[in-house]
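User: I have a new model to look at and would like to talk it through. Could you start with the overall picture?
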Amino acid sequence: MKATGRILIVGVGGLGVPAAWTLARAGIGHLTLVDPDPIELSNLPRQVIYRDSDLGKPKAERAAVHLRRRFPKTEIDARAIAFEPRNALELAMAHDFLVDGTDNPAAKFLINDAALKAARPFVYGGVLGMSGQAMTIVPGRSACLRCLFEEPPDQEEIASCREAGIVGPVAGVIAQVQAAEAFASLSGVLPPLAGRILTYDATALARFRVTEVPARSGCKCGAWRGKSAAAPVHQ
Ligand SMILES: [Zn+2]
């Protein structure tokens, strides 16, 4: 199976790098990597694609260099820019599927809103300490991030998340799940995590748990008006 669509990866760090690697290896035709940040020393242990010689250079550009070398058939567009309100819609429209590789809630909500407006599916990913989550949003068909949480968390909550940090192998697992969702979507299959959130807990014996996320009545995504993609809406 070969998917030829265009995928936008927002954030080229602990989630974005392994997701990009898996998608390029799977033969995806086009990847756009968006990240305004330079590579820092603290990134090297987790974001294994980068080398010492990449320090201080833009993540998006260096990731593209390494990926092109390994997967020359995948077209890779590197943008060392922030995904922000003035370019979010245009970037979303230019792609078939979006992967959330960001580490901040405001960016996740911006991806959510741009994807809904552009009618493009995307996969959310989040990692906190030894656990992680992923959920796919198919606009108008399955619950969105605002069905789950109406507003981004406040600064205090965000600060406590940062302290818990990101564990490389946990991010790797979530990135693989995100890549599989993207691949399903491009292959014309409804991604299994549309309307469902997967939680991965590296400390538990049963590491994976999948929970239905019903569309929230009144949410501007409009998914509550129709049938939930995954299951009937219980409201
Ligand atoms: Zn919603």
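Analyst: In the protein chain, of the contacts with a separation of 6 or more, 64% are between residues 24 or more positions apart, a contact being heavy atoms within 4.5 Å. This is a predicted model, in which local features need pLDDT of at least 70 and side-chain atom pairs count only at pLDDT 80 or more, while totals for chains, interfaces and linings use all residues. Residues are numbered from 1 along each chain as its sequence is written, and side-chain values use heavy atoms, with hydrogens and water left out.

User: OK, which residues are the protein donors of the zinc ion?
Analyst: They are Cys-144, Cys-147, Cys-219 and Cys-221, each through its SG atom, at 2.3 to 2.4 Å from the zinc ion; donors are N, O and S atoms within 2.8 Å of the metal (3.2 Å for Na, K and Ca), and water is not among the atoms, so sites may look incomplete.

User: And how are the donor residues spaced in sequence?
Analyst: The spacing is C-x2-C-x71-C-x1-C. Cys-147 in helix 5 (residues 145-148) and Cys-221 in the segment after strand 8 (208-212) are 74 residues apart, a pair that links distant parts of the chain; helices (H or I, at least four residues) and strands (E, at least two) are DSSP runs, numbered from the N terminus.

User: Is Cys-147 buried or exposed?
Analyst: Cys-147 counts as buried at 10% relative accessibility, and Cys-221 is buried too, at 11%, where buried means under 20% relative accessible area, exposed over 50% and partly exposed in between (1.4 Å probe, protein chains only).

User: Switching topic, where is Ala-119?
Analyst: Ala-119 sits in the loop between helix 4 (105-118) and strand 5 (122-128), and its phi is near 55 degrees, a positive value in a residue other than glycine.
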